[in-house]
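Please read the following briefing alongside the sequence and the model.

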Amino acid sequence: MSSERKPSESIPLEIHDLTVAYQSKPVLYGIDVTIPPGKLIGIIGPNGAGKSTLIKSIMGLIPIEAGWIRLFGEPGKRHLKRVAYVPQRESVDWDFPVNVLDVVMMGRYGRLGLFRRPKAHDREVAWACLEKVRMTPYADRQIANLSGGQQQRVFLARALAQECDLYLMDEPFAGVDAATEASIIELLHALRADGKTILVVHHDLPTARNYFDMLMLLNMRLIDFGPTEAMFTYEKLQKTYGGRLTILSEVADAVRQNHES
Amino acid sequence: MNTLILPWDWHRVVIEPWSSGASVYGWILLMGFLINLTCGLIGNYLILRRMALIGDAISHSVLPGMAIAFLVAGAWQLPIATEGTPSPVPEGLPHGMAMVIGAGIAGIVTSLIIEWIHQKSRIKQDAAIGITFSTLFALGVVIISLYADKVDLDADCVLHGEIAFIPLEPFLTIGTHPIAPAPVVQMGVVAILTALGIGLFYKELLVSSFDPGLAHATGIRADWIHYGLMIWLSVVVVSAFESVGAILVIAMLILPGASASLLSQRLHIMLAWSSLHALLSSLIGLHLAIWWDTSIAGSMVVAGSGLFFLSWLISPSQGPLWRRLRRKPSTDTKAAATQPLSKTYS
Amino acid sequence: MNHRGLLKPLNNLWSLVLFWIGTWQARADRIGEMVDISLKDQFIRFASMEDPALRFALAGGVILGILCGMMGTFLVVRKLSLVGDTISHAVLPGVAAGFLWNMEKDPLAILIGATLAGLIGMVLVSQLTRHTRLKEDTALGMILAGFFGVGICLMGMIQRLPTGNKSGMDKFLFGQAAALGWEEIQIMALVGLIALSMIYLFYKELLVSSFDPSFARSIRIPVDWIHHGFMLLLAFAIVISLEAVGVVLVSAMLIIPAATAFLLSDRMHWMLLWACMVGVMAGVGGVFFSFLGQKLPTGPFMVLSAAVLFALALFFAPRHGMLARWWLRRSRTLRIQRENALKAVFHIMEKEAFTKEGVTVIALARSKGQTLKATEMTCRELERAGLATLSHEEKALYLTPDGMRRAQTIVRNHRLWERYLTDAANYAPDHVHDDAEEIEHILGEDTVRMLERQLNFVDRDPHGKPIPTIQDIASSGQAQASKGQGMSGYRNPS
C-alpha cells in the first residue's frame, strides 16, 4: 500500500499508524486501516482492547499520540458532521429532564448551527426516525421510563436524525432484548442498502459472524481486517483473544463445525 | 496601601512573641498545632474516601447542633458551687460537652438526611449534600441571630473563629494547679484519641476506604466505620470551632493530606507528612498573623496553602522539578508501546 | 386503582399549595392580627411597600430568585452543585481586593474583583485535577477554604484601616438585602438580563452539552467554550447575589430552587420556569422574614424559605415526590398479590378439571399456606377489583370473566417462560419455577407472543401442564359451565 495514494473523498475512513495513550499507557498503537464505503463492519476484540477508544479517537474525543485519521479524504474535523456517533448507553444521566422526542431532535441540532431554532422540517425528520425504530408511541415519555432496549432505540433514532454517511456505534447490542436486537439489525441493513458505512463495536463473537460483512480484529494492535468468513480462523482469533480460553473453546467449536459442514 | 501590610520588623514578629509573649503565644501555637494535626490526620481518610465535600458539609451543619446545644444547656440550671469551695466542674465544661454532643448529633443527622434525600428521590448526591448542609447552616445562623443573648456564638466566630482568645479562656485545674486553657485540653484529648483511633483501627480504616467489597468480605463493618468517621469528624470540628470557625476548618482538613499525597503514596508516610505540615503551617501561620496583624486562623490556612504549593513543586511523582531533572519524560508512549504486553499491563 | 388517577389530584394539590404560598402577602395583615403589635406594624409596612429600602430589597430578591433559578438549573443537571459552593467562598478575597481598590464600598470594583477571584479559583481547580492525582472534590475543597482563608486575612487587615468599615464587609458574609441601593439593583438587573439572553440564545447548545457532552462534541458544538462561558456567567451571578444572600449561602440559593424544580418537571424548559418561580418566592420570603426583626440577615431566611418549598416538593411532587412513589410501589405490590391469588384459584380449578365453578376459601387458604383470615382479605380485594365474587353462604370464590382472563394470562406467561428457560436456555426443569414466579407479572404482551413463536406454539410446560393459548383466554367466560366440560372452553387435558 503506497502511502502516497491521493486521499479520496469516497473513502469514509482512513487510519494510518494511529497510537492513542491514556495516562502514558498505550491503548492503541500502530493502527493502519482503510474502511470501504457501504459496508456493515464489526470491531471485535477482548475487553480493554481499545475498541471504544478507537471510536472515540475517530470522533476527536480523545487526543492522538501519533498517526492520523482521515474522514472522507480530509484530516481533522472538516467532515465530522457526516459522521454519527452512538455512544454506550451508560454514559448519560437518565433522570435528565428531556423526553424521547427531545433526544431525537438533538440529532438535528448539528445541522442548525448557533442561534437557530429547529424548524417544522426538523420535527418531521425526527418523527420519521422515531417511526423507523418503532418508538413513536413513547415520544413524550421522560427517558428514564423506558426499558434498556427502548433507550437504545432512542439513541439510534437520534443518530438516524443526523442523516450522516458514516455511523460509529459503541456496543449497540449490549444488554438489549431479542426484539430490539432484531430491529437494530433490520435498521443497519436498511442503512447499508442506502449506501451508508457502519462501524459497530461488538462484544459477542458468535453473533458477529452473522451480522457483519467485514470484521476488524483488534487487540491494541490491528490483528486483521477483512471479510467476516476470512477472519474466522483459529490463528487469527487466538491472536486476538490471547489467553481467553473459554471464549476460544466456544469459537473453536464453531469453527470446527463450519469446517465439518 | 502603606498601612495595609505592616512593615517587617524582626523584633516584633519573631523575637517578642517568644520572649515576653511566650505564655500567650505558646498556647496559641499549641492549639493551632493540635487543630491542624487532628484535622490533618482525619482529613487523610476524607480525601481517600472522596468525602472532602461531605467534610465541608459537616463543618457547616454542626452549627445548628451547637446553637441548640447552647440553648438546651442554658435551659438546664446547673448547680452553682458555693462560695469558697473550688468548683468541682470547671465552668466551661457543661457547655463544652453539650456542644460536642449537639455537634455529634448534627453530624449524624446530616449524614442521614443526605442519604435519605439521595436514595428516596431522583436528587443526585452532590445536590443532596448542598441542600442539606446549607439549610442546616442557615437554620443555625437564624437561631444565633434570634437568640443572640443566649447563644455565645457570633458571625465572626462562625466564619473564622478567634484563636487569639484561647489563652484567655479559663484554665482547667487539678487541685489548685492550673494546667491549660479548657479548649486546649479538650483539643488535646481529641487529638490523642484521634491518633489512638487511627492506630487501633488502621487496618479497618485502610480496607474500608480502599475497597468496601473486601471490607464486607472480611467482616469489617464498613457502615459502622462510615458513621463513626462522621461522628468523630463532628467532634473534631466542634472542638476546633471557636478557634478557626466553620469554613477554615475545611482547609485544615484537606491541606495536610493533599500535600502529603503529593509527597508519598503510602498511607503511614502520608500521615507523617501531614503531621509535619500541621506543625509548620501553625508556626509559620502564627508569625504571618503577627506580621500582618490579622486573623491567626486565616494566616495558618494561607501558610498551609503555601506549603501545599511547595509540596507540589518538590513532588517526586507529580511536581515539575523532578520531572525536569529526569532525562526522559515518563510520558513516552512509543517507548512503552514496544515493551511486551505482559510488562505494560501487569 | 390506576395510579394515574392519583396524579391529577396531586397536581391540583400542588398548585393549591403554591397558590396559598404565593398569596401570603395578600393575607399578611390577617395574620398580623394574630401576632403582637410590633410585628403587625412591620407586616403593614411590608404590604404597603412604602419604604423605599423595602422596595429595593424586594426588587433585589425577585431578580436574585430568577437569576439563581436559571443558573442553578444548569448547575444541578450538570451536577456542578458543589462548584457553586466553591466559587461562592472563593470570591471573598476578590471582594476584599475590590474594597481595597478604592478604599470604599464601590459595587463595580467589588463585582470585578470577586468575579476575577472566582474565575481564578476555578482555573486552579481544573489545573489541580489535571496535573496532580488529586480528585475533583479535594481540589474544590482546597480552593474553597484556601481562598476563603486569604480573604479572611485580607479582611482582618482591612478592619485595621481607618476607612475599613466592618459592618460593610459583614453584609457580604450573611447578606443584608435592606442595604441594596439603586446602583446595586441596576447591576443586578443588568446581569440578570445578560444571563437570560445568553440562556435564550444558546439554549439548545446548553441543553445538549449538559445532557450528553460526547454527542455534543460529535456534532461540533463547542462544549468547552460553553462550559467556560457558563462558568463566567455563574461567577457573575454569584457575585451579584452576594450582597443579598451572603458569601456562605449563595450556593444554597442556586441549588435548592433548582432541585425543587427538578422534582417537579420532566422537561428542561419547565424546570427553568419552576426554578425561577421557587427562587422568586424564596427571595421574597427571605426579605419578608428578615424585615420582621431589627438586624436579621436576609440570606438565611431566603435559604430556609427555599428549603421549605423543597421539602414540600420532596414529599408531594406529583411524579417524583415520595408520596407518589410510595403510592406507585404500593399499587404495584397490590397488583402482584392479586395476580398471585388469581393464579392459585386457577390452579385449584385446573386440578378439578374445571368441573366446579367456584373455589372454597378453605381450599384456597390451604393451597397458599395462608391463614383463613388473610385469604378472606385477599378474596375481598379480588372482589373489589372486579375479578371475582365472594359467596358468603358457600364461602366460595367465583371468578368473573375478567378474572378468568387475567388468571389465564398469568398462567400462560408463567408456563411459557418456564418452557423457554428449559428449552432455549437449558435450565433444569426444577430450577425454572422461581424465576417464572417473578417474570410472569412483568412480561409484556409482545414479548409473550415472541416467546410463543420462538417455542413453536408449544402447548405444555416442562412439568406437563397445559399452556393456555390466546384463543382460550379470549373465549373465556363465554361458555356455560356444564358437567365434564370446562367452563371456559379450555381444552381439557385428555
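Chain B has an accessible surface of about 16500 Å², and carbon and sulfur atoms account for 69% of that area. Accessible areas come from the Shrake-Rupley method with a 1.4 Å probe, and for residues only the protein chains shown count as cover. This is a predicted model, in which local features need pLDDT of at least 70 and side-chain atom pairs count only at pLDDT 80 or more, while totals for chains, interfaces and linings use all residues. Residues are numbered from 1 along each chain as its sequence is written, chains are lettered from A and ligands numbered from 1 in the order in which they are written, and side-chain values use heavy atoms, with hydrogens and water left out.

**Chain B: overall features**

- Chain B contains 15 helices and two strands, where helices (H or I, at least four residues) and strands (E, at least two) are DSSP runs numbered from the N terminus.
- Of the 346 residues in chain B, 50% are buried; buried means under 20% relative accessible area, exposed over 50%, and partly exposed in between (1.4 Å probe, protein chains only).
- Among contacts (heavy atoms within 4.5 Å) in chain B between residues at least 6 apart in sequence, 73% link residues at least 24 apart.

**Chain B: nonpolar patch**

- Trp18(B), Ile269(B), Trp273(B), Leu276(B), Leu279(B), Leu280(B), Leu283(B) and Ile284(B) make a nonpolar surface patch of about 630 Å².
- Patches are made of residues with over 30% relative accessible area and no salt bridge, with like charges joined within 9 Å and nonpolar side chains (Val, Leu, Ile, Met, Phe, Trp, Tyr) within 5 Å; a salt bridge is a side-chain nitrogen of Lys or Arg within 4 Å of a carboxyl oxygen of Asp or Glu.
- Helix 11 of chain B (residues 267–292) gives the most to this patch, with seven residues.
- Ile284(B) lies in helix 11 of chain B and is partly exposed, at a relative accessible area of 38%.

**Chain C: overall features**

- Chain C has 23 helices and three strands, and buried residues form 54% of its 494 residues.
- In chain C, 68% of the contacts with a separation of 6 or more are between residues 24 or more positions apart.
- Chain C exposes about 22100 Å², with 61% supplied by carbon and sulfur atoms.

**Cysteines**

- Cys68(C) is buried, with a relative accessible area of 0%, and Cys276(C) is buried, with 15%.
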